[in-house]
Amino acid sequence: MKLQGRRVLVTGSSQGIGREVALRLAQEGADVIVNYRSHPEEGESASAEIRALGRRSVAVGADLANVAEVRTLVERAAQELGGLDILVNNAGIEVHDAFLDVREEDYDRVLAVNLKGVFFATQSFARLRRNAGQPGGRVINISSVHEDLPFPNFTPYCASKGGLKMLMRNLSIELAPLGITVNNIAPGAIETPINAKLLHDPAKLSALVANIPLARLGKTQDVAGAVAFLASEDAAYVTGATLVVDGGLTWNYSEQ
Ligand code: NAD
């Protein structure tokens, strides 16, 4: 119960990593606002699980690609919980296409959700923290190993996560006077719906696992544990960092 009384917003938390993060932080004692885009019933079910733990939770719909909706989401989350202490920027999408075939609308959508949405959610959160008049706050971005590693045929995704790395590093300096720490978590290959195609392709899956020193895909719990650490007092002096959660994939990959 390291997060007793903390007020948290997790974007894109109706499924996958975000849902696991929301539940884990609630298990640690936090009240958590769940955000969904298109499936209110999934958002509501995540929220109900959190309330069953005795924590406060509401599911709020918002499209992270839309800045007006992002601002309303952060404000509504703060209204529901009487303030916000922790923002987890988790919502993210990817589009598979050769660079030569990428369509402008797909580029725009990936960059809007993965980078612009994080930018303005964090701005709204930081303004709230400033107006609250008490120093402190945590921003934790779910980035990817592809903030560093190339991933051919996912160029907009890599550009968004590379941008997220520099956004995080800049904000770790700019938001330090407000006492807000800003860090990224870089998951490797995690078992979630985003990887549905891969999970159903035994040949691709075993080739991938062969490159992971710990010889398995990551679980959503592996990422949620790292978020719980960065959200806790144990991480009070950690800012401007990327915590890689990839079973060793990055260094193995670098040696290919
Ligand atoms: P997922 O597809 O299961 O979940 C993505 C979540 O984001 C969903 O809840 C979805 O509703 C939400 N979302 C998507 N677009 C949205 C929008 N416009 N507005 C609001 N919410 C939106 O995928 P996941 O694997 O859980 O991914 C979560 C994060 O982790 C993403 O940022 C992703 O890039 C990152 N990540 C995942 C992996 C992996 O292997 N699964 C690896 C590295 C990084």
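# Working chat on a predicted model

Q: How does asparagine 153 count by relative accessibility?
A: At 33% relative accessibility, asparagine 153 counts as partly exposed. Buried is under 20% relative accessible area, exposed is over 50%, and partly exposed is in between, with a 1.4 Å probe and protein chains only.

Q: What am I looking at, and how are residues numbered?
A: This is a predicted model, in which local features need pLDDT of at least 70, side-chain atom pairs count only at pLDDT 80 or more, and totals for chains, interfaces and linings use all residues. Residues are numbered from 1 along each chain as its sequence is written, and side-chain values use heavy atoms, with hydrogens and water left out.

Q: Back to asparagine 153. Where does it lie?
A: In the loop between strand E5 (138-142) and H5. Helices (H or I, at least four residues) and strands (E, at least two) are DSSP runs, numbered from the N terminus.

Q: And what is its phi?
A: Asparagine 153 is not a glycine, yet its phi is positive, about 75°. Most residues other than glycine have a negative phi.

Q: What about alanine 215?
A: Alanine 215 also has a positive phi, about 60°, without being a glycine. Its loop runs between helix H7 (202-210) and helix H8 (220-231). Alanine 215 counts as exposed because its relative accessibility is 52%.

Q: New topic: how many residues are in the largest nonpolar core?
A: It has 32 residues, and Leu9, Leu84, Ile180 and Val182 have the most contacts inside it. Helix H3 (67-81), helix H4 (104-132) and helix H5 (155-174) are the elements that give two or more residues to this core. H4 gives the most, with 9 residues. A second, separate core has 31 residues, among them Leu3, Ile17, Leu23 and Val88. A nonpolar core here is a set of buried Ala, Val, Leu, Ile, Met, Phe, Trp, Tyr and Cys residues joined through side-chain atoms within 4.5 Å.

Q: What is isoleucine 180 in contact with?
A: Neighbours within four places in sequence aside, isoleucine 180 is in contact with Phe125, Ala126, Arg129, Gly136, Gly137, Arg138, Val139, Leu175 and Thr239. Contact means heavy atoms within 4.5 Å.

Q: How big is the second largest pocket?
A: Its volume is about 320 Å³. Of its 18 lining residues, Gly136, Gly137, Arg138, Gly179 and Thr181 are the closest to the centre. A pocket is an open set of points on a 1 Å grid over the protein atoms alone, where a 1.4 Å probe fits, with protein on both sides within 12 Å along at least five of seven lines; lining residues have an atom within 4 Å of a point. The volume is the space filled by probe spheres set on the points, and grid points are joined across faces, edges and corners.

Q: How does that lining split by class?
A: Into 7 nonpolar, 6 polar and 5 charged residues. Ala, Val, Leu, Ile, Met, Phe, Trp, Tyr, Cys and Pro count as nonpolar, Asp, Glu, Lys and Arg as charged, and the others, Gly among them, as polar.

Q: How many aromatic pairs?
A: The count is 2 aromatic pairs. Phenylalanine 119 and phenylalanine 120 form a tilted pair, 4.8 Å centre to centre with 50° between the planes. Phenylalanine 151 and phenylalanine 154 are stacked because their ring centres are 4.1 Å apart and their planes are at 15°. Rings of Phe, Tyr and Trp (its six-membered ring) pair if their centres lie within 6.5 Å; planes under 30 degrees apart count as stacked, over 60 as edge-to-face and the rest as tilted.

Q: Why does phenylalanine 154 count as buried?
A: Because its relative accessibility is 11%. Phenylalanine 151, at 28%, counts as partly exposed.

Q: Where is isoleucine 33?
A: Isoleucine 33 lies in strand E2 (residues 31-36) and is buried, with a relative accessible area of 0%. Isoleucine 33 and leucine 84 are 51 residues apart in sequence and 9.6 Å apart in space, C-alpha to C-alpha.

Q: And serine 47?
A: Serine 47 is in helix H2 (residues 40-52). Serine 47 counts as buried, at 0% relative accessibility. Leaving aside neighbours within four places in sequence, serine 47 is in contact with Val34, Ser57, Val58 and Ala59.

Q: Last one: what does glycine 92 touch?
A: Not counting residues up to four places away in sequence, glycine 92 touches Val113, Asn114 and Ile194. Glycine 92 is in the loop between strand E4 (86-89) and H4.
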